[in-house]
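Here's a quick briefing to read alongside the coordinates. Have the viewer open and follow along topic by topic.

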Amino acid sequence: MEKGPKAMTRTLTYYPGCSSQASAVHLDKSLRAIMGPLGVALRDIDDWNCCGASVGHIEGGHLANSALSARNLANAQAAGPEDIITPCAACYLNTHYVNESIRGSESLKKDLNEALGAAGKSYDGSLHVRHICEMLVTDIGMGAVKAQVKKPLTGLKVAGYVGCQTVRPFANTERANKFDTYDDPTFLDDFTAACGAEVLPFKLRTHCCGGSVSVMSPDKGLHLIKELLDEVQKLGADVISTPCPLCQTNVEMYQPEINKRFGTNFNIPVVFYSQLMAVAFGLDPVKDAGLDQNIIKSDKLLKM
Amino acid sequence: MTISPTPKRAYDLNFARYVYENIDGGERLRMCMQCGACSGSCPIGKQMDHGPRKLFMMIRAGMKEAVLTSNTIWNCVSCYNCVVRCPRKVPITYILHDLAYLAVQEGYEPAKKADNARFAKAFWWSAAKYGRTDERLVTGKYYFSFGIGEGIKRGLGNQAIALNMIKTKRMHLGMPHAIKAKDELQKILAKAAEIQERHGKGA
């Protein structure tokens, strides 16, 4: 049988997360575009809600914050037993953590089911919550990604910036299929190489951009982003590629402010790996890859 | 985890026990051997009053107020470097997260004024009210938590960024994004809060 997408298509439950409707629409858009060619049909969690990110617990409390994820898990289970995949680092961390906690603790499972019961819902802990990058590495494989490349990104120099929560604290655990390491992950460079682009040896790939601290208190976080950009500039990168919605926004939108504060001259495009794949797969650079939604445009990528 | 048995006491020799028994992952703190891998791994450690290693020793020493008023619990960027590097498998980030919640519950001053505490308040408001994080409203509410004048100043300071986000259709101008079943979510959250209150503890 011919190895075509139609023959292999399988459905997975998709949790887009809040940033998919705002700062990271272009991540959502490009992912939806590349999943078809890769043989995955996405079924969104019905009426999904926020995961609580890194701060929900502070005001909401531990249990109520976990209940946010529990509702998503319950809605996902009601639709089917398929794995949940999410592209957002924080959504993955929270949903995976709550799911694993439910699986490991009868008392938490009981408490969260009591909370869900207030709305006539329940969840038994049987689902598997996975990061899309892990799914791409484990289920799809780079061979299948390469097979879809119609326009190799030849000559595009890419610094792969992984960030934190995509790999920490779960990448090297059994339930994350040990898809990569915490300090020296290679999956993002593998994505770049599969697209036919040039992989740059970006040492700071798992350094933190400051996360939401950079958003709320730029004074505390901008130096972290500057260190990343310094290194990327030294490497002569055309673009930075990242899997994380917050990394993409932070590293991109603060460049003018960093230039003002530190006297630098950064103007480096920051794209999602899925945008690179969409372009390499020969899909529409705007409608599918969302390249018009990057604040700093990459002319080189746009012309590919 | 509503409050510890001795809220507002500067020193409490039972504080470590309280943390071991009531904070998510707190029981692993018993295993801390003070190696400092956590503090050495922290990208923002230099801006903390105390690194996690020292903070954990302070917990053992019963320095409750100093722990719950330190900026350590508010400056954590949740990068999880410390969690994956700790040779004793102490879930450090999780513990710092729940200490922040405890500080809010016990009403310490920094828990009212810290950037992260204000941000968390705005964030939870959006998540609980709409079921989604509306980045515009969360940022706006956070800015104005410093007062009207400061709110306007911060808003104007970020005008260029906001315009760029609107131009690239990454910030919309209409009503907040919201889930359909808001009342259902609110019932679940209210029940969860009630259960937590009943337990009188975190996990």
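**Strand pairings, a helix and an interface**

In chain A, S241(A) sits across from V271(A), which belongs to strand 8. Keep in mind that this is a predicted model.

- Strand 7 (residues 239-242) of chain A pairs with strand 8 (residues 270-272) of chain A in the parallel sense, over three bridges.
- Strand 5 (residues 157-160) of chain A also pairs with strand 7 in the parallel sense, again over three bridges; here I240(A) is the bridge partner of A159(A).
- Side chains split by direction: V239(A) and S241(A) point one way from strand 7 of chain A, I240(A) and T242(A) point the other way, and all are buried.

**The four-stranded sheet**

- Chain A has an open sheet of four strands, ordered 2-1-3-4 with parallel pairing.
- Strand 2 (40-44) and strand 4 (129-131) of chain A are the edge strands; each has a single partner strand, so one side of each goes without a neighbour in the sheet.
- From one strand to the next, the twist averages 45°.
- Strand 1 (residues 10-14) and strand 2 of chain A run parallel and are joined by five bridges, with L12(A) opposite L42(A).
- Helix 7 (residues 132-148) of chain A packs on this sheet, where it touches strand 3 (84-86) and strand 4 of chain A. The direction of helix 7 makes about 85° with that of strand 4 of chain A.

**Helix 6**

- Which residues of helix 6 of chain A are buried? They're L108(A), D111(A), L112(A), A115(A) and L116(A).
- Looking down the axis of helix 6 of chain A, those buried residues fall within an arc of 140°, so they line one face of the helix.
- Turned away from the buried side of helix 6 of chain A are the exposed residues E106(A), S107(A) and K110(A).
- The cover over the buried residues of helix 6 of chain A includes helix 4 (62-79) and helix 5 (89-104) of chain A, plus helix 13 (182-199) of chain B.

**Chain A against chain B**

- 51 residues of chain A are in contact with 57 residues of chain B.
- Helix 4 of chain A gives the most to the side of chain A that touches chain B, with six residues.
- By class, that side of chain A has 26 nonpolar, 18 polar and seven charged residues.

Terms used: Residues are numbered from 1 along each chain as its sequence is written. Chains are lettered from A and ligands numbered from 1 in the order in which they are written. This is a predicted model: local features need pLDDT of at least 70, side-chain atom pairs count only at pLDDT 80 or more; totals for chains, interfaces and linings use all residues. A residue is buried if 20 or more other C-beta atoms lie within 10 Å of its own, exposed if 12 or fewer, and partly exposed in between; C-beta atoms are placed from the backbone. Helices (H or I, at least four residues) and strands (E, at least two) are DSSP runs, numbered from the N terminus. The arc is that of the directions from the helix axis to the C-beta atoms. Two residues are in contact if their C-beta atoms, placed from the backbone, lie within 7 Å. Two strands pair if DSSP finds at least two bridges between them. Ala, Val, Leu, Ile, Met, Phe, Trp, Tyr, Cys and Pro count as nonpolar, Asp, Glu, Lys and Arg as charged, and the others, Gly among them, as polar. Axes are lines fitted to C-alpha atoms, for helices over the stretch in contact, and angles run from 0 to 180 degrees between N-to-C directions.
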